[in-house]
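Student: I would like to go through the terms used for this model and check each one against its cut-off.

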Amino acid sequence: MLKIYNTPPSTNWDELCTRPMLEAEDCTNTVTTILKDVQQNGDAALLKYTELYDKVTLSTLQVEKSEIDESETKIDSPLKAAIDLAFDNIYSFHINQLEQEKSITTTKGVNCWRKSVGIENVGLYIPGGTAPLFSTLLMLGIPAKIAGCANISVCTPLNKNGPINSAILYAAKKIGIQTIYTIGGAQAIAALTYGTPTIKKVNKIFGPGNQYVTRAKQLVSLQHVAIDMPAGPSEVLIYADDTAYPSFIAADLLSQAEHGIDSQVILVATNQKIIDAVNDELSVQIKQLSRAEIAMASLANSKAIIFEDVNVAFNFINYYATEHLIIATDNATELCTKVINAGSIFLGHYSPESVGDYASGTNHTLPTNGYAKMYSGVSVDSFIKKITVQQLTKQGLLNIAPTVESMATAEGLQAHKEAVSIRVKQLQQNDF
């Protein structure tokens, strides 16, 4: 089921690292049209595209507060308990990311520190089409609240068979989010970016989505709004040696493959025997899935690669820079030291990636498509601005003045020098 490559040379790695993509030009043209339409026509455009793409005719764009409040009664007790536990774990992990302000004396009388301020208006995009990702709302909403964001808006599409999934609404209630809009796709990104009569524009947009959502985020970030990262279709890479369990590996590969037809899964193994055993397991396990057709399409984009040399294997793993990395070996902790590019790492045989998706506590909004080389996953810091502050005493200014005056003079910026010199003269005249 997985196409096999045996010890490919590094000259072929770019091709092996290519992710499945829609035609870029077609995607960009479609998204650009939607963005312009929403910018010009506001709510009317949102209603139009919701009917066109989601096959839902809306009478209102915003979820009533009463519907959010009643969500607790519409999910069963085991799911409610699961969400509650996941909430506690995610909160515990993220609350410890807050940093206390620490003043540093750089020169005697010169004190500097950083002030953390929550981004005032943030928008959270929560996929809700083929899979209502209430877990993503927990992953984004909890750190946003911890960071102190004043206004948190959620966009999530309606299911054509009914209202917003009650688990999404309960997660919102648990977090304390009251502003939820029933729109999805590129049109939701447009609404959060430009604002409409109903929807308030935001300063930064978070959340994963399909390639249209990703492209919309990339386009609006060029001029109008910040984004978390260019996160696209989900992916996992698993490294396995002879100590791995083929059934576990197959299950982990399928857990990513079922996300969507444009997801990608990669197996890097030390020998052919492991790959053959995993392929056998895939053939059995995929038949048991409700989303087998999606997983099958995703596997068509996926690969198994043999590297007998562990160092070469991890060179490739770092080159691929996967969203999720599972190291399925007895010595996973040791091998983890070789990893420099990954969104999130899962060590050993009993750390399935799906635990990170839901409830271990780490964040599952992660860089994809090789962006793990330069992006981190979402954290509390993603929702915070760091503002630097400095305060000088009279003596502090006198201590640092010669340095600033000398540097400003050398750069030919006389006014910069005078801003210091005028204060120094005043202090000296007052017999400081």
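Student: What makes K386 and E99 a salt bridge?

Tutor: The model is a predicted one. The closest N and O atoms of K386 and E99 are 3.6 Å apart. A salt bridge needs a side-chain nitrogen of Lys or Arg within 4 Å of a carboxyl oxygen of Asp or Glu, so the pair K386 and E99 qualifies. The pair links distant parts of the chain, with K386 in strand 14 and E99 in the loop between helix 5 and strand 2, 287 residues apart.

Student: Why is K386 called partly exposed?

Tutor: K386 has a relative accessible area of 27%. Buried means under 20% and exposed over 50%, so K386 falls in between and is partly exposed. E99, at 48%, counts as partly exposed by the same rule.

Student: Why is D84 called buried?

Tutor: The relative accessible area of D84 is 16%, and buried means under 20%, so D84 is buried. K174, at 32%, counts as partly exposed.

Student: How do you know that D84 and K174 meet in a salt bridge?

Tutor: Their side chains come to 3.3 Å, N to O, and the limit is 4 Å, so the contact counts as a salt bridge. D84 lies in helix 5 (residues 77-95) and K174 in helix 7 (residues 166-175), so the pair ties together parts that are 90 residues apart in sequence. Both residues belong to a network of salt bridges that also links E72, K80 and K173.

Student: What makes the link between T243 and D241 a polar contact?

Tutor: The side chains of T243 and D241 are in contact at 2.5 Å.

Student: Is T243 buried or partly exposed?

Tutor: T243 is at 29% relative accessibility.

Notes:
Residues are numbered from 1 along each chain as its sequence is written. This is a predicted model: local features need pLDDT of at least 70, side-chain atom pairs count only at pLDDT 80 or more; totals for chains, interfaces and linings use all residues. Side-chain values use heavy atoms; hydrogens and water are left out. Buried means under 20% relative accessible area, exposed over 50%, partly exposed in between (1.4 Å probe, protein chains only). A polar contact is a pair of N or O atoms within 3.5 Å; within protein, one must be able to donate a hydrogen and the other to accept it, and residues adjacent in sequence count only if both atoms are side-chain atoms. Helices (H or I, at least four residues) and strands (E, at least two) are DSSP runs, numbered from the N terminus.
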